Amino acid sequence: MELGLDFDDEDFENKEKQASVPVSYNAKFSSPLWFLSATAEDTDSVAQIRKFKGDNFFYLGNYREAAEAYRACLDVLPENNKIMQREVSESLARCFLHLGEAEKALKLAEELQKNCMTVDQNLQVLCFFQQIYRTMDRIDDEIAVLHQLILLHHFNVQFWVRLASAYEKLISIKPSADSDDVQILHGEGLHIDLKIVTCFIRVRLLLRSCYHSVGSFIRLNNNQLLEQMEEKIQKYCLDERLLAMATECLKRDLLEQEGSTSHNESKKGDLSDLTLRIKTSEVTRRFENQWFVWIERAKGMIGEPGV
């Protein structure tokens, strides 16, 4: 009786012979700087090509040509492409800054800030404002922006270094009696040198807190910056009592960070949203209440004008 269980010859044939052989294909290849001679018909492609040209000119340091390419890109860029509009507008503003046309850069930065939709976008614009104000020697505005940046990211070492540099530049100005900078130098009876010391001590604390969690190369750079901070601190303040008081006050949030991470993240989110809404004067008041409060206690301990 046939059960149909016998094998056919084809069952023993090499299956590899039956496998389909993949067909080779030619990958798309673009020659270097293809966009310099490329042409396009649709609006999106035209805008992209002009942006590439602007980026190339910017990389080469041809900021005038880059600005023209970015302007041409914005002329044809669809209004619904908000992401690319922001990117190209900021690139154009940076061209103006390199060309010594800081007022034009500032105007574009103000437009970018009006259209900020997220905290990260606002942070990016604030960093750009800081560069612009530094270039324009508008030190009081630069300090105000740095206050806001530090309220958003108080663990950022570079923000504290830049704030100390701004205060040092403020000292060198030597304002006249009717200058607006007098209010910054002597407002609320605070000593500008102790504000500088605050920044340096804060940098020292931040660098030490991450010493064992970074690689050897970063640690080497941090050690060099630590040495600079030590020299700066000794330059502006030799009183060990003041240094100890400042250190105790400025390290509290580092200790809190080791506690509830979720609480800290929630608090940071609330603060980030708040700094997008409140006025500059309120930002400065909050900043000084958080980071310079130890100075008033120090003055009470050593007497006016002591340090």
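This is a predicted model: local features need pLDDT of at least 70, side-chain atom pairs count only at pLDDT 80 or more; totals for chains, interfaces and linings use all residues.
**A guided tour of the helix packing**

The crossing of helix 10 and helix 12 is right-handed.

**Stop one: helix 10 and helix 12**

Select residues 192-209 for helix 10 and residues 240-250 for helix 12; their axes come within 10 Å and cross at roughly 60 degrees.

Next, display the side chains at the contact. On helix 10, select Leu194, Val197, Thr198, Ile201, Arg202, Arg204 and Leu205; on helix 12, the residues they meet are Leu242, Leu243, Ala246, Thr247 and Leu250. By class, this contact comprises eight nonpolar, two polar and two charged residues.

**Stop two: Thr247**

Remain in helix 12 and centre the view on Thr247. Is Thr247 buried or exposed? Its relative accessible area is 19%, so Thr247 counts as buried, the cut-off being under 20%. Which residues are in contact with Thr247, leaving aside its neighbours within four places in sequence? They are Ile201, Arg204 and Leu205, each of which belongs to the helix 10 side of the contact with helix 12.

**Stop three: helix 4 and helix 6**

Now select residues 82-98, helix 4, together with residues 119-135, helix 6. Here the axes lie 11 Å apart, and the packing angle is about 10 degrees. Helix 4 and helix 6 are therefore roughly parallel to each other, a description that applies to angles under 35 degrees.

To view the contact, show Arg86, Glu90, Ala93, Arg94 and Leu97 in helix 4, which meet Gln121, Gln124, Val125, Phe128, Gln131, Ile132 and Thr135 in helix 6. These residues divide into five nonpolar, four polar and three charged.

**Stop four: Leu152**

Move to helix 7, residues 139-152, and select Leu152. Leu152 counts as buried, with a relative accessibility of 2%.

**Last stop: the whole chain**

Of its 307 residues, 36% count as buried. Among contacts in the chain with a separation of 6 or more, 62% are accounted for by residues 24 or more positions apart. With the surface displayed, the accessible area comes to about 19000 Å², and carbon and sulfur atoms hold 51% of that area.

Terms used
Residues are numbered from 1 along each chain as its sequence is written. Side-chain values use heavy atoms; hydrogens and water are left out. Axes are lines fitted to C-alpha atoms, for helices over the stretch in contact, and angles run from 0 to 180 degrees between N-to-C directions. Helices (H or I, at least four residues) and strands (E, at least two) are DSSP runs, numbered from the N terminus. A crossing is left-handed if the near helix is turned anticlockwise from the far one by less than a right angle, and right-handed if clockwise. Contact means heavy atoms within 4.5 Å. Ala, Val, Leu, Ile, Met, Phe, Trp, Tyr, Cys and Pro count as nonpolar, Asp, Glu, Lys and Arg as charged, and the others, Gly among them, as polar. Buried means under 20% relative accessible area, exposed over 50%, partly exposed in between (1.4 Å probe, protein chains only). Accessible areas come from the Shrake-Rupley method with a 1.4 Å probe; for residues, only the protein chains shown count as cover. Angles under 35 degrees count as roughly parallel, over 145 as roughly antiparallel, 65 to 115 as roughly perpendicular and the rest as oblique.
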